[in-house]
Amino acid sequence: MARTKHRSTALARWTPPRAAKPIVIRTTKVVKAKKHRRGHRHGGGGLVGGLMNKGRIGIVAGAFAVGVLEKQNIMQQLPALPFIGRTGTIGVAAYLLSGGGRNRLADEICTAAFALAAHELATTGTVVGADGSPDVGYVAGW
């Protein structure tokens with residue numbers, strides 16, 4: 001007897017075609033990066049903030065310190081260098097103590113002392129302690 005070929009319908013079952021799903025394209029929300037302004041500084045108060053900034057306040061504090069030294073007669077005890085006087089000598093000493101500008105307070109005292117010495121030289125023609133009198137106390141060698 002010969003074998004007969006059977007086809008099974010259980011394995012290949014017919015199903016109707018499915019409806020195609022719509023294609024949805026979703027975009028993510030674009031967040032713009034903040035723009036950083038370079039070179040813009042705000043003093044925090046307009047005219048007053050620019051007028052009273054950190055550098056100027058430091059120089060004012062340095063001038064105050066030089067004024068206190070003058071008022072308490074501490075400057076009379078200090079030796080004075082010729083031409084720059086006692087006020088200029090305080091400026092030189094403060095510069096040497098500042099380490100070339102690394103100590104901010106000493107650097108600001110130096111700037112204020114030189115500014116005061118230059119102002120006094122321009123207005124009166126002399127600087128305190130540069131008059132050449134014996135009580136000036138010049139440093140040896142000058």
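Which residue forms a salt bridge with glutamate 108, and how far apart are the closest N and O atoms? The partner is arginine 104, and the closest N and O atoms sit 3.3 Å apart. Keep in mind throughout that this is a predicted model.

View 1. Starting from the N terminus, the elements go α-α-α-α-α. That makes five helices and zero strands. Of the 142 residues in the protein chain, 19% are buried. The chain exposes about 12,400 Å², and carbon and sulfur atoms supply 60% of that area. Take the contacts with a separation of 6 or more: residues 24 or more positions apart account for 54% of them.

View 2. Side chains of opposite charge can pair when their charged atoms come close. Here the N-to-O distance between arginine 104 and glutamate 108 is 3.3 Å, which counts as a salt bridge because the cut-off is 4 Å. The count of salt bridges comes to one. Both residues belong to helix H5 (residues 104-124), and they are separated by about one helical turn because they are four residues apart.

**View 3. Glutamate 108 is tucked in against a stretch of glycines and neighbours.** Glutamate 108 has a relative accessible area of 12%, so it is classed as buried, the limit being under 20%. Who does glutamate 108 touch, leaving out residues up to four places away in sequence? The list is Lys54, Gly55, Gly58, Ile59 and Gly62.

**View 4. Helix H4 spans what you'd expect.** Helix H4 covers residues 85-98, which is 14 residues. From its first C-alpha to its last it reaches 20 Å, close to the 20 Å expected at 1.5 Å a residue. Its buried residues are Gly85, Arg86, Thr87, Gly88, Thr89, Ile90, Gly91, Ala94 and Ser98. Those buried residues pack against H2, helix H3 (74-77) and H5. Just after H4 comes glycine 99, with a positive phi of about 70°.

**View 5. Seven residues make up the largest nonpolar core.** The members are Val66, Met75, Ile90, Ala94, Ile109, Cys110 and Ala113. H4 and H5 each supply at least two residues of this core. Which helix gives the most to it? H5 does, with three residues. Zooming in on alanine 94, its contacts are Ala106, Ile109 and Cys110, again not counting residues up to four places away in sequence.

View 6. The patch made by Leu51, Met52 and Ile57 comes to about 280 Å². Methionine 52 has its place in the loop between helix H1 (47-51) and helix H2 (54-71). Is methionine 52 buried or partly exposed? It is partly exposed, because its relative accessible area is 47% and that class runs between the 20% and 50% limits.

Methods. Residues are numbered from 1 along each chain as its sequence is written. This is a predicted model: local features need pLDDT of at least 70, side-chain atom pairs count only at pLDDT 80 or more; totals for chains, interfaces and linings use all residues. Side-chain values use heavy atoms; hydrogens and water are left out. A salt bridge is a side-chain nitrogen of Lys or Arg within 4 Å of a carboxyl oxygen of Asp or Glu. Patches are made of residues with over 30% relative accessible area and no salt bridge: like charges are joined within 9 Å, nonpolar side chains (Val, Leu, Ile, Met, Phe, Trp, Tyr) within 5 Å. Accessible areas come from the Shrake-Rupley method with a 1.4 Å probe; for residues, only the protein chains shown count as cover. Buried means under 20% relative accessible area, exposed over 50%, partly exposed in between (1.4 Å probe, protein chains only). Contact means heavy atoms within 4.5 Å. The expected span of a helix is 1.5 Å times one less than its number of residues. A nonpolar core is a set of buried Ala, Val, Leu, Ile, Met, Phe, Trp, Tyr and Cys residues joined through side-chain atoms within 4.5 Å.
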